[in-house]
Every structure is written in C-alpha cells, then in structure tokens.
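Reader: I would like a close look at one part of this model. Please keep it brisk.

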Amino acid sequence: MQTVFSAVLPDVPAAALIWLVLLAVAAVAVATLVVRPDRLKFAAARRFRDAALPSDPDRAEQDREYARYAEEVAVAADRAAATSGRLRAEWLAAQDEVEGAWQALQAVEADVRRLTAAAAMPLPHTGRTPAEYADRERWLHRAAVDAHGRGELSDAQLDDVFAHRAGWDPSRHPVEQELVLRRATRDHLAARHRAAVEREQAAWRAADLAGTAARSLRDEAFAALDRRPEVPDLVPMPDSHRPSAESTRENTPVARGRAAVVVL
C-alpha cells in the first residue's frame, strides 16, 4: 500500500498544475466571450461570407455582364423614345388635318344653307335655247373642274359630272346646279373628315403604345444601373455592426427609377 501511494503522490502536483492551466485558459475564453461576444461571431460570419462570395474573376465577369445589359437596355430606350417622338409628331399632324377638314366642312355647310334658301325663291327666267343650255353645261363643267382642283370633289364625282349621271343635269338653272355642286362637295368633305378622324385615332393609339414602351424601357435602364447580385447572409452579422433605426431615421431618401428623372 505504501508502495502504491509512494508511486502516485509525486505526480499529483504536476497533474494539479495542468488542470490549473486548463482552467485558466477556459476562464480567459469565457471572459472574452462575455466582454466581446461579437468578436467570435464576426470572425465566423466573415469566414462563411468569404466562402460564399464568388472569386474576383467571377465578380468582374458578372459586373461586365450587368454593364453590357444596362448599355443594351439604354440603347433600346433611346430608340423607343425617338420612335415615340416621331409617332407623336404624326399624331399632332393628324389632329391638324382633322381640324382643317372640319373647318372646310363647316364652310360648305354654310354655303348649302345659303343656296337652299336662294333656291326656294323664284328663279330668274332665262331663255330655253340651245345656246343657253350650252352655257349652263359649260358653267357646270368649269365649276366642277375648279372644285376638283381644290379637293372638294373626288375623281368619281367629277366623272359623274361629265357623264351627266347621279343627279347631274346641265339643263338646270345655274343656281340649282351650284346647290347640287355644293351638296356633292359637302358629302365629299364629310367623308374626308371621317377618314381624317380615323387616321388621327390610329395615330394616337400608335403614339400611346410607343410612349408606354419607351417609359418601360427607360425604367428598366435605370433599374439595370443599380442591379447587382445579392449574397444572402449565411450567418447573421452582429447587431453592433448593423445601423439602428435611430441612426437612419433622418437620412434623406434618394429617388430612383422614374422618380429620379423628369417624365417625358
């Protein structure tokens, strides 16, 4: 028994010293975690994030791809804006055409009302001779040609005048012939006004679609400038390194996208 104790007792101080050293190291580690708990978490989070992030060549290639895409979208937006401007100019020209056709139609309407009132009164008596009929026919043909030159009669209507069909009678009194002529002019200008309105509506629809496409591409171009690949936080960063609500509450927000530019 004395031999066993005599063999073990000399090693007790060394073992006790080892345990004391281990306890001291553990105490230091615990104290470090208590005093600076973010040091270990921040280092671990950094290691995880570095492992998840792409390497420098991959990141450079991604940046080039996003820059190329943003440039292509910007070029497409410029072309769409130019197309939208051209179609808008065509729509404004179509509006002017509608306004001009309407004013011409109103002027002819006034002439028709005036001549209708004049035709209701007794017409001056003229001799019914072949010479008188020839003069009436020449007057009708000359008036129809002049009206056709001003765009007041169509080609088909002018053909009817010379063929003496569709109500064109050169033997009528000149007042009656002028009334028929102005009514035919009114019908032609009314048809031209309707066609101008249809063209104006089609031009407006085309300009509206082009404007919508241009705004969409412009928004996409602005968004592409800020678009970058996002890497999720695999390990939450320490709260001490995150901005608090109080520190960011007074920051002025920066407008992006359509809010950052004047709308066309």
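Reader: By class, which residues make up the lining of the largest cavity?

Author: The model is predicted. By class, the lining of the largest cavity has three nonpolar, two polar and two charged residues. They are Leu-140, Gly-167, Trp-168, Asp-169, Arg-172, Gln-177 and Val-180. The structure holds one cavity of 30 Å³ or more. The space in the largest cavity is about 30 Å³.

Two of the lining residues lead on to a helix contact. Leu-140 and Gln-177 line the cavity, and both also take part in the contact of α5 with α7. Helix α5 covers residues 130–149, and helix α7 covers residues 174–226. Their axes come within 10 Å and cross at roughly 25°. Angles under 35 degrees count as roughly parallel, so α5 and α7 are roughly parallel to each other. Their crossing is right-handed. On the α5 side, the contact uses Arg-136, Trp-139, Leu-140, Ala-143 and Ala-144. On the α7 side, Pro-174, Gln-177, Glu-178 and Leu-181 meet them. By class, the residues of this contact are six nonpolar, one polar and two charged.

Helix α7 also takes part in the largest pocket. About 310 Å³ of space lies in this pocket. Its lining has 12 residues, and Ser-84, Arg-88, Ala-207, Gly-211 and Arg-215 lie nearest the centre. The elements that give two or more residues to this lining are α4 (56–119) and α7. Helix α7 gives the most, with six residues. The pocket lining divides into six nonpolar, three polar and three charged residues.

Methods. Residues are numbered from 1 along each chain as its sequence is written. This is a predicted model: local features need pLDDT of at least 70, side-chain atom pairs count only at pLDDT 80 or more; totals for chains, interfaces and linings use all residues. Side-chain values use heavy atoms; hydrogens and water are left out. On a 1 Å grid over the protein atoms alone, a cavity is a set of points where a 1.4 Å probe fits but cannot get out, and a pocket is an open set with protein on both sides within 12 Å along at least five of seven lines; lining residues have an atom within 4 Å of a point. Grid points are joined across faces, edges and corners, and a volume is the space filled by probe spheres set on the points. Ala, Val, Leu, Ile, Met, Phe, Trp, Tyr, Cys and Pro count as nonpolar, Asp, Glu, Lys and Arg as charged, and the others, Gly among them, as polar. Axes are lines fitted to C-alpha atoms, for helices over the stretch in contact, and angles run from 0 to 180 degrees between N-to-C directions. Helices (H or I, at least four residues) and strands (E, at least two) are DSSP runs, numbered from the N terminus. Angles under 35 degrees count as roughly parallel, over 145 as roughly antiparallel, 65 to 115 as roughly perpendicular and the rest as oblique. A crossing is left-handed if the near helix is turned anticlockwise from the far one by less than a right angle, and right-handed if clockwise. Contact means heavy atoms within 4.5 Å.
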